[in-house]
Amino acid sequence: MRIHSVRVKNFKSLRDVHMKEIPNFAVLIGANGTGKTTFIDVFGFLRDCLEHNARTAVQKRAGFAQLVSRGQEEETIEIELKVELDFSSGRQRRVTYALGIGEVGRKIIVRYERLSWKRGSYGRPYNFLDFKDGQGMAVVEAQDKDETDLDRNYETLDSPDILALKALGNLKRFDAASQLRELIEGWSVSDFHIEKARPEPDAAPAEHLNEDGSNLALYAQFLADEHPEIFASLLEKMQERIPGISEVTPEDTGDGRIALRFRDAAFDKGFLARYVSDGTIKMFAYLALLADPDPHPLLCIEEPENQLYPNLLPILAEEFAAYTQARRAKAQVFVTTHSPDFLSHVPLESVYWLEKSSGFTTIRKAADDETLVNLVNEGEKPGWLWRQGWFKGADPS
Ligand SMILES: Nc1ncnc2c1ncn2[C@@H]1O[C@H](COP(=O)(O)OP(=O)(O)O)[C@@H](O)[C@H]1O
Ligand SMILES: [Mg+2]
């Protein structure tokens, strides 16, 4: 499962952008205010729509008037994803999910929602799901039937701000909707806060690092207990890169909480996560997140370079790329960065650069720029080219 393209209209500074042929590892650069965070938030917005409803997702972003692009207040916010989906039958298909959200009166309404499939480039799209203003149909899939005689269920949703994907996506008979729902629910838009990762959380199961990092000690304990080989290699990377770190151990505090202790080879007893440097905690959290034995289909991380010493950035860039590869071929990563040191370890094919034009975001793919391609082929590093101003309009300082 992976995202091939994202098209967005009327979402804050994303008046009309189309990011195509997205690789598994995508890195967004651009000056402040060019829309990097906004682009990442499109994924968060979709997930909020699915987890709650469109109204809550809009309210969380200060209401429709703030969210819709300036000057487009009467328009619909539109998001279109082209995604490779795995069906229960084992078939893979590139489907298009299109969603339009508007404000009618003072109500937030899903104006349209479609999930379709197109046979070849010229075929007419075949709709698995087609809703307008809370009413529509979904195809009931059956293995033994040809697409042309599949049944259609006509439905009216409980409320026009609910996604049909949510209302129907938990029913196995709507296979395409339920696969896409599962995919979006697995997305992780990281909002890591070092201060949340420091205290000792109450013991609880944690098979993934949560988005704010507050279960870091629990997740570390899960890795150490259930995946000792992964935990060992994580420690090795920490020892190699962070001077003095000899061990990281999750331990029971004796009163139902789990602490994370970082040991420096120079001292007998380790330091609790509360007292360790920001960079050490952050690097450990990222390496742990990227070592997830059951990776998220989509992982978004903003400015991972903050608080990290520049010599940690190459390994981080490598780990991001590795997350998407080999046995994890189904995972995709989006990163935003201000760091040329980080960018220098990213392949040019991964780089997109954002600019503002008349107040709105434009997105360009670095690999489409012949000069950049030639310079990289001659051995120049993307980060150096960025510093030298070759990414026009994107300033790293
Ligand atoms: N409704 C809107 N219409 C147009 N532009 C907006 C809207 N809301 C916010 N913006 C602008 O969008 C820009 C994007 O900011 P942001 O995504 O945080 O940029 P970055 O992460 O690249 O620094 C900001 O400059 C902000 O002024
Ligand atoms: Mg930002």
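# A guided tour from Val346

Begin by selecting Val346, which is found in the loop between α11 (340–343) and β16 (351–357). The model on display is predicted. Is Val346 buried or exposed? With 25 C-beta neighbours inside 10 Å, Val346 counts as buried, because the threshold for a buried residue is 20 or more. Next, display its contacts: leaving aside neighbours within four places in sequence, Val346 is in contact with Val27, Ala317, Val351 and Pro382. Although Val346 and Pro23 are 323 residues apart along the chain, their C-alpha atoms are separated by 12 Å.

For contrast, turn to Glu147. Its place is in the loop between β8 (135–140) and β9 (151–156). Here the count is 11 other C-beta atoms within 10 Å, so Glu147 is exposed; the limit for that class is 12 or fewer. Select Tyr126 together with Glu147: the two lie 21 residues apart in sequence, and their C-alpha atoms are 9.0 Å apart in space.

Now zoom out to the whole protein. A cartoon view contains 13 helices and 17 strands. Along its principal axes, the C-alpha trace spans about 70 × 55 × 45 Å. How does the radius of gyration stand against that of a compact globule? For 397 residues, a compact globule would have a value near 21 Å, and the protein has 23 Å, which agrees. Of the 397 residues, 44% count as buried. Among contacts with a separation of 6 or more, 59% are accounted for by residues 24 or more positions apart.

Where they meet, 16 residues of domain 1 are in contact with 18 residues of domain 2. On the side of domain 1 that touches domain 2, the elements that give two or more residues are β1 (2–11), β3 (25–30) and α1. The residues on that side divide into 10 nonpolar, four polar and two charged.

Domain 1 and domain 2 each supply at least three residues to the core. Which residues does Leu180 touch? Not counting residues up to four places away in sequence, Leu180 touches Val83, Leu85, Tyr97, Leu115, Leu165 and Gly169.

Finish at ligand 1. Of the 13 residues around it, Ser13, Gly33, Lys36, Thr37 and Thr38 come nearest. Select helix α1 (residues 36–51), the source of the largest share of this shell, three residues. Colouring the shell around ligand 1 by residue class gives no nonpolar, 10 polar and three charged residues.

Definitions and conventions. Residues are numbered from 1 along each chain as its sequence is written. Chains are lettered from A and ligands numbered from 1 in the order in which they are written. This is a predicted model: local features need pLDDT of at least 70, side-chain atom pairs count only at pLDDT 80 or more; totals for chains, interfaces and linings use all residues. Domain bounds come from an automatic or database domain assignment. Two residues are in contact if their C-beta atoms, placed from the backbone, lie within 7 Å. A residue is near a molecule or strand if its C-beta atom, placed from the backbone, lies within 6 Å of it. Helices (H or I, at least four residues) and strands (E, at least two) are DSSP runs, numbered from the N terminus. Ala, Val, Leu, Ile, Met, Phe, Trp, Tyr, Cys and Pro count as nonpolar, Asp, Glu, Lys and Arg as charged, and the others, Gly among them, as polar. The radius of gyration is taken over C-alpha atoms; the globule rule is 2.2 Å times the number of residues to the power 0.38.
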